[in-house]
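Hi,

Here is the structure I promised to pass on. Have a look at it first, and my notes on what turned up follow below.

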Amino acid sequence: MSRARRVIGQAVIVIAALAVIVLLAWPGIIAHVAPTATGNNILAGPSAAHLFGTDQLGRDVFSRTIYGARPVLIASLLGVVLATVAGVGIGLAAGTAPRWLNSVIMRVVDVLLAIPVLMIALILIATAGSGIRSIVIAIGVAFTPGFARIVEGSVRKLRSAEYVQAAKMFGSTPARTSVRHLLPNLLTEVVVLGTSAIGWAVLTATTLSFLGLGVQLPQPTGATDLAAGATNLATSWWLSVFPGLAITVTILAANFIGDYLLAAADPGGRPAARARPALHADRASAAVGWQACRGHRGRRHPGSRRSG
């Protein structure tokens, strides 16, 4: 990785982290107007008083864009966390299970992967109702099969490593082997995977909100404001353009950070989660050799001769 790309990547990560913290905790630092406050200045274009203009009720579009990012970010982050935990658990269980059980689990995962993410989310929201909690559950359930499939493939390759075989030989249970030896070597891959999934989660959450299945008006979200401004796009373009740009920048930043972390964790192009097994393999080989030496301690080779 070049020095310029490394500096740019680190700067984007720092800026994105600060932006997420501010948007989640203190959006009033950036937006000084309440997002639901109406006024007489209706459908006014961008100006010094209203950077992104005003909507049909005289509400400040900039404030609504800033405050509207919070529910989308919360739903996306929590949904990805839920999918990561569930997917890693299913992948570890399937990767270390007997062949017949692995086939059953992964066939179910394949069926879920064949169904579009948006369709799964729509089915779940239609069952549980609209709202942030429903979007979190929908994203978590819809994204879990992808995590499970990737983790299961990595576990199947890692379980034949020497350090895993040595742990089994010393009596380690499957659960202990998964938590103690397999999971640490999957953390880098899981982090990169989760970061890349945030962009898709944001897209899914905004799509559901655009369809009216997320936060309901008058509470702001970028997608609901974008949908509300679609009817006035020809005359009041700022109603949809600025919320749309905010969503686009969020998705691009998440994808860029995911690609940067992948390149930083695995500069050689190999799966990032397999960068550390060499150290564990050396330790396991040394332990096996030490046990072998203990087993032969005090024994004399048949062909050897006792000296002096």
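Leu43 has a positive phi of about 50 degrees although it is not a glycine. At 33% relative accessibility, Leu43 counts as partly exposed; buried means under 20% relative accessible area, exposed over 50%, and partly exposed in between (1.4 Å probe, protein chains only).

Before the rest, please keep in mind that this is a predicted model, where local features need pLDDT of at least 70 and side-chain atom pairs count only at pLDDT 80 or more, while totals for chains, interfaces and linings use all residues. Residues are numbered from 1 along each chain as its sequence is written, and side-chain values use heavy atoms, with hydrogens and water left out.

A search of the whole structure finds four of them; rings of Phe, Tyr and Trp (its six-membered ring) pair if their centres lie within 6.5 Å, with planes under 30 degrees apart counting as stacked, over 60 as edge-to-face and the rest as tilted. Phe52 and Phe62 are edge-to-face, because their ring centres are 5.1 Å apart and their planes are at 80 degrees. Phe52 and Phe242 are stacked, with centres 4.2 Å apart and planes at 0 degrees. This pair links distant parts of the chain, as Phe242 is in helix α10, 190 residues from Phe52. Phe62 counts as buried at 16% relative accessibility, and Phe242 is buried at 17%.

**Nonpolar cores**

A nonpolar core here is a set of buried Ala, Val, Leu, Ile, Met, Phe, Trp, Tyr and Cys residues joined through side-chain atoms within 4.5 Å. The largest has 21 residues, and Ile135, Ile139 and Phe143 have the most contacts inside it. Two or more residues each come from α2, α4 (117-128), α5 (132-158), α8 (187-210) and α10 (238-265), with α5 giving the largest share, seven residues. Apart from this core lies another, of twelve residues, among them Leu23, Ala31, Val61 and Phe242.

**Salt bridges**

There are five salt bridges in the whole structure, each a side-chain nitrogen of Lys or Arg within 4 Å of a carboxyl oxygen of Asp or Glu. Arg149 and Asp110 meet in one of them (2.5 Å, N to O). Arg149 lies in helix α5 and Asp110 in helix α3 (residues 99-114), so the pair ties together parts that are 39 residues apart in sequence. Arg149 also forms a salt bridge with Glu152, with the closest N and O atoms 3.6 Å apart. Glu152 is buried, with a relative accessible area of 1%, and forms a further salt bridge with Arg156 at 3.8 Å between the closest N and O atoms. Arg156 is partly exposed at 45% relative accessibility. Arg107, Asp110, Arg149, Glu152 and Arg156 are linked in a network of salt bridges.

Best wishes

Note on methods
Helix = DSSP H or I, 4+ residues; strand = E, 2+ residues; numbered from the N terminus.
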